[in-house]
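Welcome, and please have your viewer open with the chain shown as a cartoon. We will go from stop to stop, and at each one you will hear what to select and what to look for.

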Amino acid sequence: MTGPAPSAPVLEASKVTVQFGGLKALADFDLRLQAGELVGMIGPNGAGKTTAFNAITGVYAPTAGEVRVAGERVNGQRPFQICQRGVARTFQNIRLFRELSALDNVRVACHHGHAAGFLAAFLRSASFLADEARITQRAEGFLEVMGLVHRRNELARNLPYGEQRRLEIARALATGPKLLCLDEPAAGMNASEKVALMELIRKIRDDFRLAILVIEHDMRVVMGVSERLVVLDHGVTIASGLPDAVRRDPRVIEAYLGDAYLAEHQIAVPGAVS
């Protein structure tokens with residue numbers, strides 16, 4: 001007697017290559033994420049991390065290879081179509097609707113999947129108003145999760161930088177993703193904000209049962225939240241595995257971490273001469 005078939009991975013990238021002319025920005029990239037996994041992606045500038053995000057989310061069409069979301073091939077689909085399949089992301093440079101309130105930034109994303117017609121909106125029918133009330137309530141729920149409900153009526157551009165980062169995550173969550181891709185979420189945050197962000201990322205994963213993929217240069221953050229790490233260098237995956245093993249990998253030390261990181265954290269590398 002056999003048990004139930006395992007569900008398809010939330011994300012499956014197989015031999016994904018992104019090439020611009022003679023430059024391979026990403027080469028034979030492989031990654032599988034199951035629901036509830038929290039994976040970090042690290043590497044030096046120009047390593048191909050954001051290119052990998054762009055290939056997963058439809059900003060770039062892979063030159064070769066395949067991207068599947070929940071078992072469905074999404075190669076060639078546009079970003080909004082891949083979002084509808086369950087992939088949401090944030091960006092290195094915050095991309096909020098700066099002249100809208102915090103609430104309206106999230107309400108826009110909550111309209112995903114709602115199809116009120118123009119006539120119903122124009123006439124403000126009872127069904128339209130009821131739907132809008134549900135959307136507002138849902139948006140306020142995401143603001144509360146991110147600790148921003150007290151900012152609901154403030155313009156996005158007036159929020160402190162760390163709160164703008166959290167608002168962008170709230171908006172991404174409002175699309176109802178299976179996979180949340182966070183591109184340098186700790187950028188520009190102070191030490192206390194980074195600690196709070198780490199706790200928040202874990203809470204989001206646990207509460208929403210999402211797969212989360214994080215690009216982050218702050219090693220304390222990425223090592224602190226990730227259960228598994230993928231390391232890229234010049235578009236090639238040079239290491240993948242548990243954080244403690246990855247940070248001792250000589251290839252990762254040479255390409256990214258450096259000896260100063262080892263000394264600061266008193267990490268001994270097997271085979272190294274002291």
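You are looking at a predicted model, in which local features need pLDDT of at least 70 and side-chain atom pairs count only at pLDDT 80 or more, while totals for chains, interfaces and linings use all residues. Residues are numbered from 1 along each chain as its sequence is written, and side-chain values use heavy atoms, with hydrogens and water left out.

**Stop 1: the largest pocket**

Select C83, R89, A109, R171 and T175, which are the closest to the centre of the largest pocket among its 19 lining residues. A pocket here is found on a 1 Å grid over the protein atoms alone, as an open set of points where a 1.4 Å probe fits, with protein on both sides within 12 Å along at least five of seven lines; lining residues have an atom within 4 Å of a point. The volume of this one is about 570 Å³, taken as the space filled by probe spheres set on the points, with grid points joined across faces, edges and corners.

Now colour α2 (79–85), β6 (87–89), α3 (102–110) and α6 (161–173), each of which supplies at least two lining residues. The names follow DSSP runs numbered from the N terminus, with helices (H or I) of at least four residues and strands (E) of at least two. Which element gives the largest share of the lining? That is α2, with four residues. By type, the lining divides into 11 nonpolar, four polar and four charged residues.

**Stop 2: the second largest pocket**

Move on to the second largest pocket, with a volume of about 170 Å³. Select G46, A47, G48, K49 and T51, the closest to its centre of the 16 residues that line it. Both β2 and α1 (49–57) supply at least two residues of this lining. Its residues divide into four nonpolar, nine polar and three charged.

Stay with α1 and show its side chains. Is this helix mostly covered or mostly open? It is mostly covered, as eight of its nine residues are buried (buried means under 20% relative accessible area, exposed over 50%, partly exposed in between, with a 1.4 Å probe and protein chains only). The buried ones are K49, T51, A52, F53, N54, A55, I56 and T57. Just after the helix, click on G58, which takes a positive phi of about 90 degrees.

**Stop 3: aromatic pairs**

There are two aromatic pairs to find. Rings of Phe, Tyr and Trp (its six-membered ring) pair if their centres lie within 6.5 Å; planes under 30 degrees apart count as stacked, over 60 as edge-to-face and the rest as tilted. Select F20 and Y60: their ring centres are 5.2 Å apart and their planes stand at 80 degrees, so this pair is edge-to-face. F20 lies in strand β1 and Y60 in the loop between α1 and β4 (64–69), so the pair ties together parts that are 40 residues apart in sequence. F20 is partly exposed at 41% relative accessibility, and Y60 is partly exposed at 29%.

Next, select F142 and F208, a stacked pair with 6.1 Å centre to centre and 20 degrees between the planes. This pair links helix α5 (residues 126–145), which holds F142, to helix α7 (residues 191–208), which holds F208, across 66 residues. F142 is buried at 8%, whereas F208 counts as partly exposed at 32%.

**Stop 4: salt bridges**

The structure holds 20 salt bridges, each a side-chain nitrogen of Lys or Arg within 4 Å of a carboxyl oxygen of Asp or Glu. Select K15 and D30, whose closest N and O atoms are 3.6 Å apart. K15 is in strand β1 (residues 11–20) and D30 in strand β2 (residues 23–33), so the pair ties together parts 15 residues apart in sequence.

Go on to R251 and D249, with closest N and O atoms 2.8 Å apart. R251 is partly exposed at 48%, while D249 is buried at 14%. To finish, select R151, E154, E163 and R166 together, which are linked in a network of salt bridges.

Definitions and conventions:
Nonpolar A, V, L, I, M, F, W, Y, C, P; charged D, E, K, R; others polar.
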